[in-house]
Every structure is written in C-alpha cells, then in structure tokens.
Amino acid sequence: MAVETKGLSLWYGSFQALFDVDISIREGKVTSMIGPSGCGKSTFLRTVNRINERHSYVRTEGSVKVFGEDVMAEGVELVQVRKQVGMVFQRPNALPISIRDNVLFGLGLHSKKKPSKSEGDDIVEKSLKRVLLWDNVKDKLGTVATSLSLEEQQKLCIARLLPMKPRVLLMDEPCSALDPKATAAVEDLIWELRGEYTILIVTHNMAQARRASDECIFMLLGKVIEHTETGEMFLTPQNQATADYIEGRYG
Amino acid sequence: MTSSFTTTELNRKNQRTETLFKILFGMVTVTLIIPVAVILITLVVKSDGIFSWAFFSEYPTNGMTEGGIFPALVGTLWLVAVALLASVPLGVAAAIYLSEYAEDNWLTRIINLAIINLAGVPSIVHALFGVGAFVLFFEFGTSILAASLTLAVMTLPVVIVATRESLQAVPQSFREACWNMGATRWQTIWRIVLPNSISGILTGVILEVSRTVGETAPIMFTGAAFFLPFLPTSVYDQTMAMSLHLYVISTQVPNVPDGLPYGVALTLIGIVMILNSASMAFRTYLRGKKKW
C-alpha cells in the first residue's frame, strides 16, 4: 500500500475532525476523496505529509504509513516526508521567481551542490514535458512564473515536485480555481501521471472524481463511509449517505 | 416634467452637502502644504548668495562666521554610516525573528510593546541614555561610536517596523509552497521572502537615514563637537555634524552673517529631501518589477 492509516484520529483543539480513520491507498492509482465541506478530507490529506502540525493546537493519534514506513514515528525527518509526499494546493502557488527556478527550487533545497547548467536544463525540460507545459513555456523559461495563466501555474506547481522524485502526490482541490477548460487540462494531466505516481486528490467536483480517479473515498463528519472502485461507487453506492451525496441531495 | 428620474429636493440637498465637504477637506489638505512651502521659500530666499563650491569644501573660519561646512558634512556622513551599520543588521534580524519565527505569545507581545514604546521615547532621553550607556559605561567616550550607537537605538524601531511590514506583505502562500517542498524556515526566508521584501526594507532604511541626518539632541552630548579643525580619522574621534552646526551658529555664535544659518538649514533639508525622493523612486522601481 502506498498510504495506509490505522485508527487515525485528529483534533483541532477540542474539535475532533477525524474519527478512527482506516484508509489504504493503492500504489500507482488515482484515488479521489469526496464528501461535504468539513468532512475531514482535506484534513486527512494534510495529515499524510504532516503539514497540519504547523499549528500547535493540532493533535493526532493512530498511524500513517507511507510505503510501509510510519511517518508519525519518532525520529522521522519532516523535510524527508515533505520531499517524498508532494502537495498541490487549491490556489496555484507558483513562486515569484523564473519558471526554470520554480522547477529547480525543490532540488536546490535538498542537494548540497547546484546541478550544472545542462543537468538543470535537462531536469527542467523533462519535468515540464511530463506536465504537458513544455511547448507553452520553452521559449520563456526566464520569465516570472506568477505571470503565467492559472492553468499553467498549477501545472508548474506539479512539475516542480517531480525533480524531487516524490512517491505520493497529494492534491487539495487542484482545479477549483480553474475554469472548465483548464480543469479538463489538469485532469488529463493527473490521469497522465497515474502509474508513475500515487495520487490522492480531494475534490468537490463529483464529475471530476468520476472522470479522473480509479478509486473513490466518501467521507462524512470525519469518518470514512465508503471506499470502493470509482465506477462502482457512482453506479451502485453501498451506503445510503453516499448515494444521497453523489446524487446531489446534500453537500 | 414628472418622470420617476427627476431630481428631488433631497437629492439637491445631499449634493450640496457633498460639494461642501469635498471643498472643505480639499482646502484643509492644501493648507498642509503651506508650512513646507513657506519654510523652503524662506530658506531659498534668505540663503541667497551663500552657496558656492567653497561653502561645501572649506572649513568654517573666523569663529565660524565665515568659510564652509565641509567638516560638518563629512561628520554627518560618518555618524549616519556607523549608525546604519549598527541598526540595520540588528533591526532586520529582529524583524525577521518577529515576523517569521516567533509565535504569538506573551513574550513576543512584550517585545512588540517595547518596540512601540522605544519609538515614542523623546530624543533627549535617548541622548541621556547614550551618555550613560555608551559614553560612560562602555567607555567609548564622546565619540562617533557613542553618538552613532545612540542614533541607532533611536531609529531601531523604524527599521524593525518597516522591515516587519514588508516581510508580512509577502503572501503566506509563497511560504507554504516552500515549506511543502521541505524548505526550512531559513531557506524560505533567504530564497523567497527576503528577495520579495527587499524594496520595503530598503525604503525603511532610507527613511531612517533621513531621520538620522537631522537629529541633534542624541549626538550633542555623545559625540558631536561645536568646532573641530580636523576631520575624524576613526570612530573613536569626535566630529562636527550638520544639525549641531546649525544649532550652534544660530544660537551660540555672535555676528554670524544672516544667510549662513539658512544655507546650512537648506543643505540639511536638501539632503533629507534627496534621500526621501530616492527612496520613493527606488520603491516604485522595485514594485514595478514585482509580478504579484
């Protein structure tokens, strides 16, 4: 299993956001997490690379394993966790440096010496090609990344994770700031990346979950209600709450 | 004509009130420029004929009633430069800590309160503190070092507040992007936060300089001298300074020609105005390069 949690509970102060969550995410698949706002899906995502802990009032119990290793264990280096479990956010957050530097940024953080010009060029080209952005930006790699369109920025945000060779990519509503056409393009990209990367994507967009994921997890009030193959969930939901939600009766 | 869009009596009344306040506040605003204009015009008119190359390049002569202001100009440069060397690293470091590392707890709240209070301390109190701390306790004597450190303490709040504000103007999402790629706080600060806040920090520094140039009280007991026939050679020397020189020739020296104090004052204001304009131009330039 790429990501496996056992008895994961999480509290924001005295508010419990996750209740005893057991989830297994299969390697190389796209797994989407759906559920109404506040159901804990983003919280779950943020627990996998431990960025929730930046807030001192957050407390967790239970285990989170990434490829069999407990990321909550003592002695775990957070920097290594963040490097191997990449995260993409709702609002594209390309850094205000050149496109090229954005792609090489993560690598620069984690290696002692800078890659040579040609090594760098190579990595930049490969990463940008992988996210289907190369043709758009190859002639302007030196321009500031924040001047790109949101779609391009979001693709760049994915591209800049790749040189660090992440094993899991977490995406927190990666398309919600994008227009429908850009959404389709990013979805295509996510689908493109499956196999090589394990992708966990939180979405409010039911159609997106259906189109662009292998498996689907439905959460409600901090608990996992249903976790099955995506087609199955949308055709024959096992739980009444799931059925109500995907048919838009609440949410 | 009775249309539903006709002006009513109430519309007209509101419109009159609108016009009244616009004119009133406009006039108040324009009045604010008057003192500045009067000061500048007076200085320019009264200092007529004072300025020459010699005014800037010669020592004062004949009991400071003739000659130039060269040693005072040089001394002011010394004082400002040394004060900057002390206050900028300290202030920027403190601001980075407060903005990027410190959590919001009672200690940081006390520190913030202290900074605000430090900014409110009158300059003469800073002067006496400088005498006690730098001149006597640290035994720097009356020297550029003591005077500059006093100036530095006085302007620290300006540097800290300006720096902190420009650090906090950098969007949080940039920091989060870095942290999520595994960047440490320092890597984030060094690679992203500082390059994007440098314009604000430099503006703060230049404003500090322009304030330091004009200060008199903090330096008169700690390192500035009435008259010295030589230039300082190290930070342990005393020095003349523009602001004190103006005070001295205006109040302490008999038979000073009328135009001289005005010339010194105009030079002083000129330096401040040039620095402020430079700071504004620089900020505009750096802002133009920003893409967010």
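**Entry 1: the four-stranded sheet**

I began with an open sheet of four strands in chain A, ordered E2-E1-E4-E5, with antiparallel pairing. Strand E2 (15-25) and strand E5 (69-70) of chain A stand at the edges with a single partner strand each, so one side of each has no neighbour in the sheet. I noted the terms. Strands (E, at least two residues) and helices (H or I, at least four) are DSSP runs, numbered from the N terminus. Two strands pair if DSSP finds at least two bridges between them. Strands of a sheet pair through backbone hydrogen bonds, either parallel or antiparallel.

This is a predicted model, where local features need pLDDT of at least 70 and side-chain atom pairs count only at pLDDT 80 or more, while totals for chains, interfaces and linings use all residues. Residues are numbered from 1 along each chain as its sequence is written, and chains are lettered from A and ligands numbered from 1 in the order in which they are written.

Next I looked up one pair in the sheet. Strand E1 (residues 3-12) and strand E4 (residues 58-66) of chain A run antiparallel and are joined by eight bridges. A:Thr5 stands opposite A:Val64 in E4(A).

**Entry 2: chain A as a whole**

I listed ten helices and ten strands in chain A. The radius of gyration of chain A is 18 Å, close to the 18 Å that the globule rule gives for 251 residues, so chain A is as compact as a globular protein of that length. The radius is taken over C-alpha atoms, and the rule is 2.2 Å times the number of residues to the power 0.38. Along the principal axes, the C-alpha atoms of chain A fill a box of roughly 55 × 45 × 30 Å.

I then checked burial. Of the 251 residues in chain A, 44% are buried. Buried means that 20 or more other C-beta atoms lie within 10 Å of the residue's own; exposed means 12 or fewer, and partly exposed is in between, with C-beta atoms placed from the backbone.

**Entry 3: the six-stranded sheet**

I found another open sheet in chain A, with six strands in the order E6-E7-E8-E3-E9-E10 and mixed pairing. Strand E6 (85-88) and strand E10 (223-229) of chain A are at the edges, each with a single partner strand, so one side of each is left without a neighbour in the sheet. On average, neighbouring strands of this sheet are turned by 20° against each other, direction ignored.

I followed the pairs. Strand E3 (residues 30-34) and strand E8 (residues 198-202) of chain A run parallel, with four bridges. A:Thr31 stands opposite A:Leu200 in E8(A). Helix H1 (residues 41-48) of chain A packs on the sheet, and its direction makes about 150° with that of E7(A). Angles run from 0 to 180 degrees between N-to-C directions, and axes are lines fitted to C-alpha atoms, for helices over the stretch in contact.

E7(A) pairs in the parallel sense with E6(A) over four bridges. A:Met87 has A:Leu170 in E7(A) as its bridge partner. E7(A) also pairs in the parallel sense with E8(A), over five bridges. Here A:Met171 has A:Ile201 in E8(A) as its bridge partner. Four of the five residues of E7(A) are buried, so E7(A) is largely enclosed by the rest of the structure.

In soluble globular proteins, nonpolar side chains tend to be buried together. I looked at the largest nonpolar core, which has 129 residues; A:Val168, A:Leu170, A:Leu200 and B:Leu79 touch the most other members. Helix H6 (residues 144-168) of chain B gives the most to this core, with 15 residues. Such a core is a set of buried Ala, Val, Leu, Ile, Met, Phe, Trp, Tyr and Cys residues joined through C-beta atoms within 7 Å.

I checked A:Leu200. Leaving aside neighbours within four places in sequence, its contacts include A:Val3, A:Thr31 and A:Leu170. Contact means that two C-beta atoms, placed from the backbone, lie within 7 Å.

**Entry 4: helix H3**

I ended on H3. Helix H3 (residues 99-110) and helix H4 (residues 117-130) of chain A pack at about 105°, with axes 10 Å apart. That makes H3(A) roughly perpendicular to H4(A). The cut-offs are under 35 degrees for roughly parallel, over 145 for roughly antiparallel, 65 to 115 for roughly perpendicular, and oblique for the rest.

A:Ile99 is found in helix H3 of chain A. A:Ile99 is buried, with 29 other C-beta atoms within 10 Å. The C-alpha atoms of A:Ile99 and A:Val137 are separated by 8.2 Å, although the residues are 38 apart along the chain.
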